[in-house]
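Colleague: I am new to this one. Could you show me the structure and then take my questions?

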Amino acid sequence: MEDGEKMVQLSFLPASSEEGPVREAGREEKDLPPGEVEPDLGLASLKEACLRCQACGLRRGAKQVVFGAGSPQAAIMLVGEGPGRQEDELGEPFVGAAGQLLDKVFAALKFRREELYITNIVKCRPPGNRLPTPREVRACRPYLQGQIRLIKPRIIVCLGALAGQNLIGPQLRITRHRGRWVQRGEIMLLPTFHPAALLRDPGRKRPFWEDFKAVARAYEELK
Ligand code: URA
């Protein structure tokens, strides 16, 4: 953290972006326990594995798996919480009201969705839009880890506390830490509010906009 505060790092983001989920040597795919995926899958195979996944109970209540969408070469990845009702219907992340708000920000910054990669901490809709449980988050973790390892984004925008706590550190408080960049290896992470929070509290729109302008500046510097 910029002001020297120490945040405990979860093992979520590998220290090296080359590392993947660990698997015992010599074990066949069929022997993988639920929630573990082959470490050397490509993005399409990772998606197939995710679509077949039954590692937690969320898949039973969801219409479909919302793996993620965008460019496999994206420099910017956005990570939300989990699919809502419309995302579950359409199979795409952030297509409901929160997504429309994001689209306005993208348009203002001249970002095209196809050049970004958008996904969530959990890939199946939690019933009634409740927060995913720690067990559900753990079960889904190999898919996000795989997406990060394969896409190699340079910037990850953590949309809301759940994404920030899982990708940066469990003590993250979104009101306190939003807008503060964190470096993990090659990746710069920026926690900001979840766009749905802006719909409930319009006072959060300004800081959210400032955070996205900072993302656009950082992106320009990468080019
Ligand atoms: N909220 C999220 O966190 N993710 C989505 O994809 C949609 C709404």
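Colleague: How many nonpolar, polar and charged residues does the lining of the largest pocket have, by class?

Modeller: The lining of the largest pocket has 11 nonpolar, nine polar and five charged residues. Here Ala, Val, Leu, Ile, Met, Phe, Trp, Tyr, Cys and Pro count as nonpolar, Asp, Glu, Lys and Arg as charged, and the others, Gly among them, as polar. This is a predicted model, in which local features need pLDDT of at least 70 and side-chain atom pairs count only at pLDDT 80 or more, while totals for chains, interfaces and linings use all residues. Residues are numbered from 1 along each chain as its sequence is written, and side-chain values use heavy atoms, with hydrogens and water left out.

Colleague: What volume does the largest pocket have?

Modeller: Its volume is about 490 Å³. Of the 25 residues lining this pocket, E81, G82, N129, H194 and A196 are the closest to its centre. On a 1 Å grid over the protein atoms alone, a pocket is an open set of points with protein on both sides within 12 Å along at least five of seven lines, whereas a cavity is a set where a 1.4 Å probe fits but cannot get out; lining residues have an atom within 4 Å of a point.

Colleague: Which helices each supply at least two residues of that lining?

Modeller: They are helix 3 (85–90), helix 4 (97–109), helix 6 (161–167) and helix 8 (195–200).

Colleague: And where does the ligand sit?

Modeller: The ligand sits in the largest pocket, meaning that more than half of its atoms lie within 2 Å of the pocket's grid points. Around the ligand are G80, E81, G82, E87, P93, F94, N120 and H194, each with a heavy atom within 4 Å of it.

Colleague: Which side chain has an N or O atom 2.7 Å from an oxygen atom of the ligand?

Modeller: That is the side chain of H194. A backbone N or O atom of E81 lies 2.8 Å from a ligand oxygen atom, and one of F94 lies 2.9 Å from a ligand oxygen atom.

Colleague: Changing topic, how many cavities of 30 Å³ or more does a search of the whole structure find?

Modeller: The search finds one. The largest cavity has a volume of about 120 Å³ and is lined by 15 residues, with C53, C56, C124, C140 and Y143 nearest its centre.

Colleague: Which helix gives the most to that lining?

Modeller: Helix 5 does, with four residues.

Terms used:
Polar contact = N/O pair within 3.5 Å; in protein donor to acceptor, adjacent residues only side chain to side chain. Points joined across faces, edges and corners; volume = space filled by probe spheres on them.
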